[in-house]
Amino acid sequence: MATRNLPSAAQCHARRTVRPVQSPRTRAALVLVLAPVLAAISACGGADRRWVGADPLTPTAVGDPGSLPPSVTAASAEAGQWACTFRFTPQHPARSVALAGTFNGWSPTATPCTGPAADGSYAATVRLPAGTHAYKFVVDGGQWIADPLNPDRVGDNHGGDNSVLFLGRLARLTASPAAIGDGRIDLDGFEHLPHVARYFQRALPRSALVRCRLLSGDVQRVSVVVRGGAAVPMHVAAAGPLYTMYETLLATPADVADRPLQYTFILEDGALRAAHPATFTVKPSAQPTLVTPAWARHAVWYQIMLDRFRNGDPANDPDGAIPWTHDWFSTAPGEATRGHGSEFYKFYVFKRMYGGDLAGLRQKLDYLRDLGVNALYLNPIFKAPSHHKYDATSYIHVDDHFGVKGDYAAAEAAEDVADPRTWTWTPTDRLFLDFLRDAKARGFRVIIDGVFNHVGVAHPAFQDVRRNGKNSRFADWFNVTSWEPFEYRGWAGYGELPEFRKDAHGLASRAAAEHIFAVTRRWMDPNGDGDPSDGIDGWRLDVPTEIPAGFWVEWSKLVKSINPDAYITGEIWDRADAWLDGTKFDAVMNYQFARPVVAWICHKTKRLKPSEVDARLAELRLTYPPAATAVMQNLVDSHDTDRVVSMAQNPDREYDIGNRVQDSNPSYDNSKPGPAEYQRARLVALLQMTYVGAPMIYYGDEVGMWGADDPTNRKPMLWRDLEPFAQPQENFVMTEHLACYRELIALRRRLEVLRTGDFESVLADDAKDVWAFARRNARETALVFLNASDQLQRVIVKRRGDWPAHFSQVFGPQTSAPATADTIDLTLSPISGVVLHGTSAP
């Protein structure tokens, strides 16, 4: 579900920290500049620092918060942080005001404001490190407002702006002022946060990946020293115009698992050799470790909206189901007379049902196997009135229009929604379990959509609240704002989607939480025998940031206790650092991957350069634990965006902005794209299949489906055996396009190095619009060359000493072979790519 009315800090997030490659756009970007984390020196290591082997640097005096807007004040706090007070005065009387931003995961409930004061203002104080912080005020739980007194803003990727606070004396810098070898080190540019995976990750049983960040050009050497051990040199992980990140794999003493590990950093520049003044303390056994399912590294995901995939049983069709091959933009018989109105985008297109079902999905499992995908993500399948099913009537039963029509009502009448002991299995539920058995027998993993933030108005618990008001036993489940008249909060302001009530820790109603836990058990281990092989393989979570993280910590523990090999992914459009810390999710739908990829390959005048794409993706790899990066759902489009080939036809827009014909962009070109756009879509697919993480295909992309954002991105699937469709000159399976997808997926599945190998950037040639990278493991190396220009490009890359002696071309238009023992010489066709593969001698 798109978070269209919610804030997105994506632009700010994408520009937050280290920029591994310089570029004009990078130098103009927002960057996060954090003050030093002057951790309190522990009692056992504070007075006696002889183990460090270097005198401490003198910390920079903290006292300059920089230029702040009149709505924000800042007072110096311990550990180099600032106590920042944000003030806001609503234009109209408000029931509540909260502060949301990058510092609290954009939670609308985590940081409530106090007030109103005598002047009508509300205020909240939070402790923040120096740097850039995007934020908004949330009025009455649903109205997101940028700070009217702060002129510094950045687009929120949903047509509005986020306010940006520049905090600290370095916050507005775009390039480092440091000079190498001058014997001076600015501690205000240093950052190391032991509790953040970006800076400290448990790795092997007795090792940890440790990173720190300094101003670029400020030091010549960095090392980390552990109390009781020797100094370990660190190497550059990424370098940009403002900051450089250093890292090393640190072996921890064998006896340190159950006691605090104390360490600090030695910094050298010119004649200066000094230690960071803080002793950092970590108890490795207390650090959460993210362990993700091994199978997810090998996944090629395929997203399916069931009503639009295949109609295998017309007997269960909803009343008035639209003929599958009917012209999308034409009124179907009787469609304009059902009380929905006659305007295509205003009314009836959103009410359409096509009759896709479980029978159709089972019929097409062989098609999916031949395509090469091996992991299926199903949009919601539970009982709901809409085609998309994000308005659940029940989490207990699969929608009867997907199985046996009419079997839901009797089940609901006999059950108590709050008592799992009364729950039954309908014939449709059993058809879904049969589908799971068939899919798994063919080698598929299956996850389903968990929409646990809200339900639909037909949900029995909500209906009971409507009938009985305060006296309902479900009265505490929902966010009721007024009992007389009856008013409640719906997700994103939609009354059709009543939200569950939350508190600072999760769902406010324990009974509601227990209901969701029971639903989770039901579908993960249907027969309750402790063997989850008959259940789903995991969950995709809809708008999970709407629920405070405490709920997800508890829920994720439950999921992993049922099936340690289950996969949890969240719909998080922004940076997801806090959600991939080993206590919540395995991965997210990687929209942060999609944004730079589309901006490079699909845009024209506003396109990113290869060096910028390289930098943004490097930033993500630094930010997330490697275990998460390896299993990210690397999508480029979904049910919440325009299709990728239409993105190429409508270039130079922010990702997922200006793509809805009915409101945000009436001039959006919704016609079928041309050959060049499909060629660019195939280049995107090549990048998906060769990059780190698990590629995800939105149903129909592989056969050439196109369209603007909802609703046109949700047309019924094109099938050869159903042709001719209406408008047959446009609506047909594009066999060449399909063949390319099959070849690319087969390549990924054939070469293990593309699924599990390390990533290494090889070339980012902005002048030629070419990007190249290597995927490597101990035995194999794959070299991937991508040419996004519309010209032939000759590329010469110097061989590296640890590459195989011989490469063979395994994908792409035939090109010149490697020229010499020292170089690889290729001529790349326009808008195309080449993959070379080599094996090292054992």
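Where is Asp-656 found? In this predicted model, Asp-656 is found in the loop between helix 14 and helix 15, and although this residue is not a glycine, its phi is positive at about 60°. With a relative accessible area of 3%, Asp-656 is buried. Asp-652 is found in the loop between helix 14 (644–649) and helix 15 (675–690); Asp-652, not a glycine either, has a positive phi of about 70°, and its relative accessibility of 19% makes it count as buried, because the cut-off for that class is under 20%.

**The chain as a whole**

The protein chain has 17 helices and 36 strands, and its C-alpha trace spans about 85 × 75 × 55 Å along the principal axes. For 842 residues a compact globule would have a radius of gyration near 28 Å, and the 28 Å of the protein chain agrees with that expectation. Of these 842 residues, 61% count as buried, while 71% of the contacts between residues at least 6 apart in sequence join residues at least 24 apart.

The mean pLDDT of the protein chain is 90, with 91% of its residues reaching 70 or more. Over residues 3–46, however, the pLDDT is below 50, although this stretch has 177 contacts in the model beyond near neighbours in sequence. Where pLDDT is low, the predicted coordinates should not be read in detail.

**A helix pair**

The axes of helix 11 (residues 591–601) and helix 12 (residues 610–623) come within 9 Å and cross at roughly 175°, which means that helix 11 is roughly antiparallel to helix 12. Helix 11 contributes Gln-592, Phe-593, Pro-596 and Trp-600 to the contact, and helix 12 contributes Pro-610, Val-613, Arg-616, Leu-617 and Leu-620. By class, the residues of this contact divide into seven nonpolar, one polar and one charged.

**Loops and peptide bonds**

Another loop residue is Gly-142, whose place is between strand 5 (131–139) and strand 6 (143–145). Gly-142 counts as partly exposed, at 44% relative accessibility, and its C-alpha atom is separated by 39 Å from that of Thr-244, which is 102 residues apart from Gly-142 along the chain.

Conventions:
Residues are numbered from 1 along each chain as its sequence is written. This is a predicted model: local features need pLDDT of at least 70, side-chain atom pairs count only at pLDDT 80 or more; totals for chains, interfaces and linings use all residues. Side-chain values use heavy atoms; hydrogens and water are left out. Axes are lines fitted to C-alpha atoms, for helices over the stretch in contact, and angles run from 0 to 180 degrees between N-to-C directions. Helices (H or I, at least four residues) and strands (E, at least two) are DSSP runs, numbered from the N terminus. Angles under 35 degrees count as roughly parallel, over 145 as roughly antiparallel, 65 to 115 as roughly perpendicular and the rest as oblique. Contact means heavy atoms within 4.5 Å. Ala, Val, Leu, Ile, Met, Phe, Trp, Tyr, Cys and Pro count as nonpolar, Asp, Glu, Lys and Arg as charged, and the others, Gly among them, as polar. pLDDT is the predictor's confidence in each residue, from 0 to 100. The radius of gyration is taken over C-alpha atoms; the globule rule is 2.2 Å times the number of residues to the power 0.38. Buried means under 20% relative accessible area, exposed over 50%, partly exposed in between (1.4 Å probe, protein chains only).
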